[in-house]
Amino acid sequence: MRITDIHGCEVRPGRLVEWTLDPLMVEAATSQPDDSRPPAYVQESHIRTARTVREDGLFVPTWLGAAFDIPGAVDLDVLEAALRTWTLRHETLRSGFRWVRDEMRRFTAASEAVALRRQDVGDFPRAQELSRHLQDRFDVAADALAWPNFLYTAVVRDDSTSVYMAFDHSNVDAYSIQRIPAEIHALYVAGTEGRADDAAPVGSYVDFCELERANADQVDDTHAIVARWREFITRCDGRLPAFPVDLGLEPGGGLPEQKLLHEMLVDDADAAGFAAYCRPFGGSQVGILAATSLIVHDIGGEPVYRTVVPLHTRAKSRWTESVGWYVGGAPIEIPVAQARGFDDALNMVRGALRTNKALAHLPIARVLRLLGSDFRPTSPDLYSIVSFVDARGIPGAGQWDELKAYALLRVSYGDQVCAWFTRLHGGLQLAMRYPDTEIAYKNMRRYAEQLRDIITSVARSAPPSLANARQHGNRPLPAPRLSSETSKLAL
């Protein structure tokens with residue numbers, strides 16, 4: 001699924017229908033006694049950040065979503081049944097939080113109580129008006145500080161129906177979103193054919209939260225992982241790392257609005273060639289991080305590239321099909337000024353990931369609490385990220401273009417750069433949120449263009465042998481077009 005916002009996902013006119021949790025169910029659920037299973041650290045950090053930013057006077061929507069088509073005339077009763085069955089399958093969607101003084105307490109509705117309420121909103125003859133309405137509606141219905149915090153909608157036409165679903169980030173990650181089209185389609189088709197849902201039960205993210213937190217709470221401030229994070233943050237001047245180029249931000253200024261850059265960076269042939277070249281070093285993720293380190297050094301001049309690499313925490317098969325936020329982060333440091341070329345950078349990234357990958361299993365929010373530092377969140381993003389996902393093996397990926405399937409981001413406010421690279425059957429896509437300043441725009445365009453140059457030049461050269469890679473070789477490559485300009489000269 002390509003990543004975009006609601007305005008870039010081929011919204012077309014039609015009759016809008018939406019489903020929310022039934023109000024009687026919501027009233028009963030929120031009156032339930034506490035569920036002893038605590039929030040995951042990432043959930044708690046996310047919701048506390050949202051509350052802090054709201055208290056500072058700014059509403060920052062942070063929902064994620066999915067968009068896809070159902071071809072032909074739709075049976076809304078069957079679609080509703082499919083949506084209810086899917087909701088039942090994933091316990092996190094019937095579980096929320098309430099505040100008891102400054103403590104977050106979980107409550108969870110019984111599965112037999114789950115009910116949806118359908119509302120016919122009306123006709124939207126203009127696509128632009130519809131996309132604006134959907135964004136505004138999702139902002140309210142998928143709010144981190146409310147419950148329920150998700151919404152299902154359908155735009156009905158005679159020849160097809162487009163489904164749009166939005167969730168607060170506390171319930172989902174990108175992988176959860178990418179699985180949705182195939183799962184809903186399978187349930188809908190089964191319903192039209194009169195078949196029962198025969199899918200095996202999936203692991204509960206709520207159970208995962210309890211297990212992960214219990215393990216994390218056994219770690220104290222003397223643990224080696226905490227010591228390594230402490231050293232990393234110290235070398236980042238006491239903060240988690242930002243994207244090391246000029247973003248045109250005023251020190252101490254308010255949280256800026258953001259923009260979205262999204263495009264197919266290279267086609268399938270170049271994406272495959274790049275992956276083949278990088279495979280002996282660890283694959284495309286290593287290659288993208290290596291290229292990024294070279295580019296930000298070229299643009300910003302920093303001798304060491306420091307970042308936190310997002311890595312999934314679905315360590316057991318029981319979590320594979322589960323909807324939830326299964327993401328940790330590993331800190332890496334790349335002394336890119338010492339790299340003699342792309343192969344050197346590849347080896348540096350490979351070594352850093354091998355050394356630090358295990359650090360992702362301890363939630364960053366737990367680390368920060370143990371460090372005792374003042375990390376009062378003032379931005380929805382604690383740090384900048386460069387993420388890579390090969391989505392070609394996800395069920396239904398081959399039909400995403402045909403079904404107009406998209407993963408949706410809400411682009412609102414933030415002072416960080418978040419870049420997501422997705423390997424699709426058609427190539428490598430880049431989607432990036434960044435502060436809406438002229439300087440940031442110029443530097444993000446330079447980043448994307450130079451990255452494309454590196455990928456294509458690497459892809460069209462002979463891949464290194466595994467033996468050479470292990471010997472930390474540095475094969476000559478066609479020189480990527482890296483300018484000698486600094487970010488100030490680009491203004």
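The following legends describe close-up views of a predicted model. Local features are given only where pLDDT is at least 70 and side-chain atom pairs only at pLDDT 80 or more, while totals for chains, interfaces and linings use all residues. Residues are numbered from 1 along each chain as its sequence is written, and side-chain values use heavy atoms, leaving out hydrogens and water.

**View A. An open sheet of seven strands.** The strand order is β1-β13-β3-β8-β7-β2-β6, with mixed pairing; strands (E, at least two residues) and helices (H or I, at least four) are DSSP runs numbered from the N terminus, and two strands pair if DSSP finds at least two bridges between them. β1 (2–4) and β6 (116–124) are the edge strands; each has a single partner, so one side of each lacks a neighbour in the sheet. On average, neighbouring strands are turned by 20 degrees against each other, direction ignored. Strands of a sheet pair through backbone hydrogen bonds, in either a parallel or an antiparallel sense.

**View B. Strands β3 and β13, with helix α4 on the sheet.** Strand β3 (residues 63–71) and strand β13 (residues 406–409) are antiparallel and share four bridges. Ala66 has Ala407 of β13 as its bridge partner. Helix α4 (residues 127–141) packs on the sheet and touches β2 (14–21), β3, β6, β7 (150–156) and β8 (160–168), a contact being heavy atoms within 4.5 Å. The direction of α4 makes about 160 degrees with that of β7; axes are lines fitted to C-alpha atoms, for helices over the stretch in contact, and angles run from 0 to 180 degrees between N-to-C directions.

View C. In α9, 15 of the 17 residues are buried (under 20% relative accessible area; exposed is over 50%, partly exposed in between; 1.4 Å probe, protein chains only). Gly301, with a positive phi near 85 degrees, follows α9. Helix α10 (residues 342–356) reaches 21 Å from first to last C-alpha, close to the expected 21 Å. Twelve of the 15 residues of α10 are buried, among them Phe342, Arg350 and Asn356.

**View D. Thr92 in a loop.** Thr92 lies between α3 (76–89) and β4 (95–100). Its relative accessibility is 2%, so Thr92 counts as buried. Leaving aside residues up to four places away in sequence, Thr92 touches Gln43, Asn171, Tyr205, Val206 and Val323.

**View E. Cysteines Cys209 and Cys418.** Cys209 is buried at 0% relative accessibility, and Cys418 is buried at 3% relative accessible area. The closest cysteine sulfur to that of Cys418 belongs to Cys236, 16 Å away, which is too far for a bond. With a disulfide taken as a pair of cysteine sulfur atoms within 2.5 Å, the count is zero.

Note on methods. The expected span of a helix is 1.5 Å times one less than its number of residues.
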